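Please look over the chain shown below before reading the briefing.

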Amino acid sequence: MTDATPEAGETGPKVALFVTCLVDFFRPTVGFATVKLLEQAGCRVEVPRGQTCCGQPAYNSGDREDTKAIARQVIAAFDGYDYVVVPSGSCAGMLRKHYPALFKDDPELAGPAATLGERTYELVSFLTDVMKVQALPGSFAGSVTYHDSCSGLRELKVKEQPRALLRGLTDLRLLEMKEPEVCCGFGGTFCVKYPEISNQMVDTKAEDIEKTGADLLLAGDLGCLLNMAGKLKRRGAKTETRHVAEVLAGMTGGPAIGEGKD
């Protein structure tokens with residue numbers, strides 16, 4: 001990743017990409033796909049080097065002081081941008097919903113945290129709700145099913161936006177699960193605290209995915225995708241797994257998640 005994308009236009013909104021830890025360490029292609037989609041929409045994209053984890057692991061473990069220390073650095077790193085875009089509903093929800101609550105009684109940071117929250121969007125929500133993208137110039141020859149990740153769906157109301165863009169791709173068939181909104185059992189630290197319950201939840205999810213007969217499972221959160229990809233592989237399922245940004249950007253030339261070197 002670089003600080004800026006000089007090939008971007010000069011008049012569009014100035015957008016900072018929040019890369020997320022899982023994208024950075026496990027699936028950098030999602031970051032590059034996100035940049036491509038944002039630039040296609042006319043944005044000037046930068047990737048601030050000062051960014052870190054959003055603080056979810058500490059927050060979900062009840063460690064408010066370390067969460068605040070991380071959040072202070074994130075707030076400073078993303079100051080001055082028109083928008084902050086995140087290819088993850090859970091990390092976007094952290095910045096948009098939980099940072100303002102963390103600092104609501106802090107006279108110095110209550111304002112900056114609230115402002116950052118108002119400027120932060122999950123990727124597909126930003127493309128459709130803010131940039132008013134109605135269709136993308138791509139295709140995908142195959143069938144897909146879409147999992148609604150909990151934070152994106154319940155905190156940010158991301159539901160129809162990815163489906164609308166997917167339906168616009170030539171040759172793509174969207175096959176819905178019976179219960180696409182049911183949690184996959186990942187839930188950040190939930191899968192660590194309650195592994196047996198988590199394993200049963202993702203097994204049930206994998207069964208629902210397989211019943212669709214779709215070639216490819218998509219979602220907007222890498223945590224969920226890594227969890228489901230692992231379970232599908234252990235079950236011997238043929239369904240591959242990708243982040244929705246990769247399909248929307250037409251960047252599916254490399255291996256799917258868990259299918260060899262990325």
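What follows is a short briefing on the overall chain and on helix H4.

This is a predicted model, in which local features need pLDDT of at least 70, side-chain atom pairs count only at pLDDT 80 or more, and totals for chains, interfaces and linings use all residues. Residues are numbered from 1 along each chain as its sequence is written, and side-chain values use heavy atoms, with hydrogens and water left out.

**The chain as a whole**

- The chain contains 13 helices and eight strands, where helices (H or I, at least four residues) and strands (E, at least two) are DSSP runs numbered from the N terminus.
- Its C-alpha trace spans about 55 × 45 × 30 Å along the principal axes.
- Of the 262 residues, 50% count as buried, meaning under 20% relative accessible area, while exposed means over 50% and partly exposed lies in between (1.4 Å probe, protein chains only).
- Among contacts (heavy atoms within 4.5 Å) between residues at least 6 apart in sequence, 77% join residues at least 24 apart.

**Helix H4**

- Helix H4 covers residues 64–77, and its 14 residues reach 20 Å from the first C-alpha to the last, close to the 20 Å expected at 1.5 Å a residue; the expected span is 1.5 Å times one less than the number of residues.
- The buried residues of H4 are Thr-67, Ala-71, Val-74, Ile-75 and Ala-77.
- Seen down the axis of H4, these buried residues fall within an arc of 155°, so they line one face of the helix; the arc is that of the directions from the helix axis to the C-beta atoms.
- Exposed residues Glu-65 and Ala-76 are carried on the face of H4 turned away from its buried side.
- The cover over the buried residues of H4 includes helix H3 (56–60), helix H5 (89–102) and helix H6 (110–119).
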